[in-house]
Amino acid sequence: MLCEGAAGVRRWLTLVTGLLECLCFAGAVFGWASLVFVLKTEGYFSYLCVNATGLNGTLITDCSEQDEQFSLIFTIASFMNNFLLLPNGFLFDRFGTMVARLLGISLYTTGAVFVAFSSSELAILLFPALSLIAVGGILFLVTNMQVGNLFGAHRSTIITLYNGAFDSSSALFLIIKLVFEAGVSLRASFLYLASFSVIHLLRTFLLLPTKHIPYPLPEGYRYGMTCGQTKTFTPARASPDGDIPSHAVDEQTPMHKESAPTNDERSYKDCVLSKFFVFHLLWLSVMQLRHYLFIGTLNPMLQRLTQGEPSLVSTYINAFALTQLCGVLCAPWNGLIMDRLKGKPLASGESEHEADLRASVLSLFLTALQCLLFSLCASTPLLPLQYLTFILQVLNRSFLYGGNAAFISIAFPSCHFGKLYGLIMALSAVVSLLQYPCFALVKNVLGGDPLYVNVGLTVLTLTAFVHPLCVHLHCRRLAAQRTKNARSS
């Protein structure tokens, strides 16, 4: 009983500490707009600013080249954040949690140190620094999402909760901005951030498995420190008929074959070539491109809408960063929708896998609808409306990434999760590279007015509705087939 109680406490500690890790560190890179404000104050790339003549003949300072440089840093970092998930996903599936986390901690800490020792003269360090923070942060998220397997009935809710925490962590750069304005140097803030690697290491060794947390979770599954002893790696002794006693399952004990869902028999190649994967890639890519372009160009957009008033720009950037904190509150609603729909009684002959797919349709549709509304607001050049844009952006982004991970976990075999998650994020990263040509188009061709680009992206988001329609039609075909089989029998 004591061991069982300790195991329960350990699971909750794993859940809560993982949530804090994602909330405070994992997605910091997406608070880039707040950090840019600090970097501009410190004079990073200020040599790119030139004197120019305004429309009324007055002398103004044109910093569009500086903005383009900051946009390029974010474009590269957001690309690396997703693209390197492909090899990192294989690494996670092949070598397990500990190896993936040690890599992530090393990258994140190195990136923070690079920012700490950068300066206006060494602004070039921002290119590797932000990419390292981005890649290390996403590895924190990937290795934490499996914690949802410990709470089977609430698995989708926890996965989306972690993704919401990842979104909210972009407020970290807002905190750095606020303490900078209070007199704390950028170097001190990032050295302090790097020191948290000690806590990440302790959590890796004490509260997470060496390999993976399986799903479905075997009864009596153990990981981490067990009853005051180190984790056991001795496989449980099988009974004469080959079954493994449920009371002696540790993190390296394989699940009994019969307990695995039938879709686990699908190969990795079959998953990649399936229509679900293709349409899910389309669904993710178009919405992610919209978000990345918005975040990467937020500073120059606010400069244009406020006529370059620094205090007003700072106010709106603070408002944007504060709304990001709500991501952790918004994301679980997506998982709750899926878990609630999945909780309905199964129809006659309906499989758990089919029920999971049916439950995902509403989530996929709502996410696409939110992105359409967000894009419409972002395309409207009305400054007060941007408050609503910020709210829709964080709501949609929370649904997008939480729903992405949840759908991959239910539509495809769990043994391929890391590889599929990495591949789809890598491919969507290639699409996200279009944000830089879009920024260049606005700057060099459209005279700084992004209206036509925004309209084009809004039209492009309509293609995201194809995915929920495809899943819905698939579920209807399966239901019709069940009915036909029942009548024939």
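Helices (H or I, at least four residues) and strands (E, at least two) are DSSP runs, numbered from the N terminus. The model is predicted: local features need pLDDT of at least 70, side-chain atom pairs count only at pLDDT 80 or more, and totals for chains, interfaces and linings use all residues. Residues are numbered from 1 along each chain as its sequence is written, and side-chain values use heavy atoms, with hydrogens and water left out.

**View 1. Overall content of the protein chain.** The secondary structure of the protein chain amounts to 21 helices and 2 strands. Of its 489 residues, 54% are buried; buried means under 20% relative accessible area, exposed over 50%, and partly exposed in between (1.4 Å probe, protein chains only). The accessible surface is about 20900 Å², and carbon and sulfur atoms account for 69% of that surface. Accessible areas come from the Shrake-Rupley method with a 1.4 Å probe, and for residues only the protein chains shown count as cover. Contact means heavy atoms within 4.5 Å. Among contacts between residues at least 6 apart in sequence, 80% join residues at least 24 apart.

**View 2. The largest nonpolar core.** A nonpolar core is a set of buried Ala, Val, Leu, Ile, Met, Phe, Trp, Tyr and Cys residues joined through side-chain atoms within 4.5 Å. The largest one has 110 residues, and Trp32, Phe70, Leu186, Phe190, Phe294, Phe412 and Tyr421 have the most contacts inside it. Helix α6 (residues 126-145) supplies the largest share of this core, 11 residues. Another core lies apart from it, with 6 residues, among them Leu289, Val442, Val453 and Leu457. Not counting residues up to four places away in sequence, Phe294 touches Met301, Phe320, Phe374, Ala378, Gln386, Thr389, Phe390 and Gln393.

View 3. Thr14 belongs to helix α1 (residues 2-26) and is buried, at 0% relative accessible area. Apart from neighbours within four places in sequence, the contacts of Thr14 are Val147, Tyr162, Arg203, Leu207, Leu208 and Tyr223. Arg155 is in helix α7 (residues 155-168) and counts as buried because its relative accessible area is 9%. With neighbours within four places in sequence again left aside, Arg155 is in contact with Gly148, Asn149, Tyr215, Asp339 and Ser409. Between Arg155 and Gly335 the C-alpha to C-alpha distance is 8.0 Å, although they are 180 residues apart in sequence.

View 4. A salt bridge is a side-chain nitrogen of Lys or Arg within 4 Å of a carboxyl oxygen of Asp or Glu. The structure holds 7 of these salt bridges. One of them joins Lys40 and Asp67, whose closest N and O atoms are 2.6 Å apart. This pair links distant parts of the chain, with Lys40 in helix α2 (residues 32-41) and Asp67 in helix α3 (residues 64-83), 27 residues apart. Asp67 is buried, at 13% relative accessible area. Asp93 pairs with Lys419, with closest N and O atoms 3.3 Å apart. Here the distant parts of the chain are helix α4 (residues 85-95), which holds Asp93, and helix α18 (residues 417-432), which holds Lys419, and the two residues are 326 residues apart. Both Asp93 and Lys419 are buried.

View 5. Lys177 and Glu181 form a salt bridge at 3.0 Å, N to O. Both residues lie in helix α8 (residues 172-181), 4 residues apart, about one turn of the helix. Lys177 is buried, at 0% relative accessibility, whereas Glu181 is partly exposed, at 45%. Elsewhere, salt bridges that share partners join Glu21, Arg101 and Arg203 into one network.

**View 6. A nonpolar surface patch.** Patches are made of residues with over 30% relative accessible area and no salt bridge, with like charges joined within 9 Å and nonpolar side chains (Val, Leu, Ile, Met, Phe, Trp, Tyr) within 5 Å. Leu102, Val198, Leu201, Leu202, Phe205 and Leu206 make up a nonpolar patch, and their accessible area together is about 490 Å². Helix α10 (residues 197-206) contributes the largest share, 5 residues. Phe205 is in this helix and is partly exposed, at 40% relative accessibility.

**View 7. Cysteines.** A disulfide is a pair of cysteine sulfur atoms within 2.5 Å, and the count by this rule is 0. The cysteine sulfur closest to that of Cys24 is in Cys22, 9.7 Å away, which is too far for a bond. Cys24 is partly exposed, at 34% relative accessible area, while Cys371 is buried, at 0% relative accessibility.
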